[in-house]
Structures are given as structure tokens and as C-alpha cells.
Amino acid sequence: SWTPDSFVDSTVAQLKSKIGSDKVILGLSGGVDSSVAAMLLHKAIGKNLHCIFVNNGLLRKNEFQDVLKQYEGMGLNVKGVDASARFLDALAGKSDPEEKRKTIGRVFIDVFDDESHQVENAKWLAQGTIYPDVIESVSATGGPSATIKSHHNVGGLPDFMKLQVVEPLRMLFKDEVRRVGASMDMNPALLGRHPFPGPGLAIRILGDITPEKVRILQEVDAVFINSLKDWNLYDQVWQAGAILLPVDSVGVMGDERTYEKCVALRAVESTDGMTADWVNLPYNFLQKVSNDIINKVKGVNRVVYDISSKPPATIEWE
Ligand code: XMP
């Protein structure tokens, strides 16, 4: 019968014989799937696995540095590439959700292609594709693999896409991926992370994106997510985040009228993201988070909580 330990043993053996002494490139997203895929390959081929972790400037607060450190701590041969400016420049002035997604996908491919050329004689491209990605035509699970697949058109392929593909998690569901990671002693906090969309905060800043809006949303999101952890609510929620609304509203601080941003908080229960219910978070928790956000994050004077389910709403607002 299937056990995580036997899966690790047989997969590592298969990867060794399949790949031999070839070099493999893998795009890490910070998410569970690409991280577990990397760990399996690391066990099989060690330093011949070349991981690339791209900062698109739209990650959570401190995420790039923190996750990069974790990857290094796991012994992975990983290169962190800070391409924030490249992404934010390309996004400047764009407010249509699909245009933002396409821009991010295109820049990601360019950055990844540039980086993959730094690895000489690479023969394989590894991806953290899991079974639900295989059955869905368009992946909604986030990360580099999803971004790459949606751009997998014929003709004019970037060079890294001409590599042979290896996908060690193709037959697994998410819970199995987490168990495989646990059996390799990976950090439980890394394995228990909420899903996060590939385009990141870009689709949670409604309208156009500026560095200041990214900063505000990163701060708000950090207060919310850290509070969920402090109150032991993080693991009871499937996905959570904050949305920066294109709405200014009147507030009051001391004797002064303010006219500042409004943010929405979203927390959902789900099993696969296809349907979702908003989470009935305790009122005293919401009260504390709202106060903390408004007191700590300059530029925000109003917080609302999204009580819409999917369908007919979606998890993201864009
Ligand atoms: P929706 O908003 O469609 O989201 O209910 C379902 C799940 O998919 C994630 N999502 C994305 N992931 N690229 C991704 O990699 C995207 O463009 C994208 N849009 C939504 C969303 O975070 C949720 O987990």
C-alpha cells in the first residue's frame, strides 16, 4: 500500500536512474508543491539540482528573504533572483486583471529564461505539478508551474521550455504532498502554508499597482496573517489574505478628518479552491485585527470583512 516513506524511496531511486548526472532546473515558488518536489530531487541528485526563486515584488512582507533562508537551510542549491523592479516597471499603469496576469507571466518567463541560461548544460526542467493540475486544463494552484503552463504555446518557446520535463508529484493530491514532505522532515510551517496565487499581491491590489500600494498591502496582510497564527486560527483556514480596494473613505483621527484607503480581509474554508465558504472568524479577533491594521498601517482608515462564498463570488477579487 502507498505510504509517504515508500513513495520517497521509490521516487528518489527512479529520479536517480532517470536523471543520472544531468543538471536539472527548478523554479521554486515558496509554496508546498515546488518545495517538496525540490526536496525529492535534492535527495536524488544533490547539487545537480539548480533551484531558482524569483522575487516578483508582489510576495508577502519579508517572504523572499525568509523563504530563501529556509531553502538554503534545507541544503538546496538555490539562487534568489530579485526581479521586483522588472515586474513593477512592466505593470506600471496597468489595471485590467487579465492584463496584469499576462504581464506577470511574460516577465516571469523572461526572468526564468535568463536565469536558466546561467546553468550550463541543463537537460531537465522540474516542476511541482500535482494531480489536480494535471486534470485541470488551466492550473489554479499557483507558482511557476502554473505560469509556465498557461504560456505553453507552440513556436518561439523560451529555451528552458525545450528541456525535458520531470514532475515527481504528478500522481499526488495536496494532502499526500504534505505527507511526503513531512516524511522528509521538512518544516511543518512550510508544508502547512496557505495557497498563494502566482501573480501574488498584484491581483489583490484592485486597479493599478504602485510600490506604495504594495507596501500598504504587505503591511496589512502581515498583520492579518500573523494574527491568525497568534490566535491559532491559521491552520483552520484554507486561505487568507487582504485586498486593497480602490476606495478612499472619510475617517477621523484626533481633530482631523482623514481620507484614506479601505482594505478587505478574506478568509475561506475549502478543499480544492473550486468552491469556498467564508470563515466565521471570532468577532473579538476581527476587532483586534481591524484596530491593529488601522493603528499600524499608515494610509488605511477602514477595514471590512468579505462574507461572500464561492460560487458565485471567487476567492480572489480579480
Ligand atoms: P479564484 O479567485 O478563482 O481562486 O476563486 C481559486 C484559487 O486559485 C488561486 N488563483 C490563482 N493562482 N494564478 C495562480 O497561480 C492566478 O492567476 C490565480 N488566480 C486565482 C486563488 O488564490 C485560489 O487559491
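What follows is a working chat about the predicted model shown above.

Reader: Which domains does the assignment give for the protein chain?

Author: Keeping in mind that this is a predicted model, the domain assignment gives domain 1, which covers 4–191, and domain 2, which covers 210–305.

Reader: And how many Å separate their centres?

Author: The centres of domain 1 and domain 2, taken over C-alpha atoms, are separated by 29 Å.

Reader: Let's go inside. How many residues does the largest nonpolar core have, and which have the most contacts within it?

Author: The largest nonpolar core has 76 residues, and those with the most contacts inside it are Val-24, Leu-26, Leu-41, Cys-51, Val-220 and Val-263. Helix H2, residues 32–45, gives the most to this core, with 9 residues.

Reader: Take Leu-41, then: what does it touch?

Author: Not counting residues up to four places away in sequence, Leu-41 touches Leu-15, Val-24, Leu-26, Leu-49, Ala-126 and Pro-168.

Reader: Switching to annotation, where does UniProt place the "binding site" feature?

Author: The UniProt record, which is an unreviewed entry, places the feature "binding site" at Ser-29, Gly-30, Gly-31, Val-32, Asp-33, Ser-34 and Ser-35. Of the residues listed there, Ser-34 is found in helix H2, and the place of Ser-35 is also in helix H2.

Reader: Ser-34 first: buried or exposed?

Author: Ser-34 counts as buried, because it has 24 C-beta neighbours inside 10 Å, where 20 or more are needed.

Reader: Why does Ser-35 count as buried, and what does it touch?

Author: Ser-35 is buried because 27 other C-beta atoms lie within 10 Å. Not counting residues up to four places away in sequence, Ser-35 touches Leu-28, Met-186 and Leu-190.

Reader: Which residues are buried in helix H8?

Author: In helix H8, which spans residues 174–183, Val-177, Arg-178, Val-180 and Gly-181 are buried. They cover an arc of only 160° around the axis, so they are on the same side of H8.

Reader: What covers them?

Author: What covers the buried residues of H8 includes helix H1 (4–19), H2 and helix H9 (188–191).

Reader: And what follows H8?

Author: H8 is followed by Asp-185, whose phi is positive, near 60°.

Reader: Now Lys-23, which strand is that in, and is it buried or partly exposed?

Author: Lys-23 lies in strand S1, residues 23–28, and it counts as partly exposed because it has 17 C-beta neighbours inside 10 Å.

Reader: What is it in contact with?

Author: Leaving aside neighbours within four places in sequence, Lys-23 is in contact with Asn-48, His-50, Val-119, Asn-121, Ala-122 and Lys-123. For Lys-23 and Asn-48, which are 25 residues apart along the chain, the C-alpha atoms are separated by 4.8 Å.

Reader: What about Asn-232, where does it lie?

Author: Asn-232 lies in the loop between helix H10 (211–230) and strand S6 (239–253). Phi of Asn-232 is near 55°, a positive value in a residue other than glycine, and Asn-232 is exposed, with 8 other C-beta atoms within 10 Å.

Reader: Last topic, the prolines: which residues does a cis peptide bond join to Pro-311?

Author: A cis peptide bond joins Lys-310 and Pro-311, with omega about -15°, and a cis peptide bond also joins Pro-311 and Pro-312, with omega about 5°. The place of Pro-311 is in the segment after strand S9 (300–305), and Pro-312 lies in the segment after S9 as well.

How values were computed
Residues are numbered from 1 along each chain as its sequence is written. This is a predicted model: local features need pLDDT of at least 70, side-chain atom pairs count only at pLDDT 80 or more; totals for chains, interfaces and linings use all residues. A nonpolar core is a set of buried Ala, Val, Leu, Ile, Met, Phe, Trp, Tyr and Cys residues joined through C-beta atoms within 7 Å. A residue is buried if 20 or more other C-beta atoms lie within 10 Å of its own, exposed if 12 or fewer, and partly exposed in between; C-beta atoms are placed from the backbone. Helices (H or I, at least four residues) and strands (E, at least two) are DSSP runs, numbered from the N terminus. Two residues are in contact if their C-beta atoms, placed from the backbone, lie within 7 Å. UniProt positions are given in the numbering used here, feature names are shortened, and annotations may be inferred rather than shown by experiment. The arc is that of the directions from the helix axis to the C-beta atoms. Domain bounds come from an automatic or database domain assignment.
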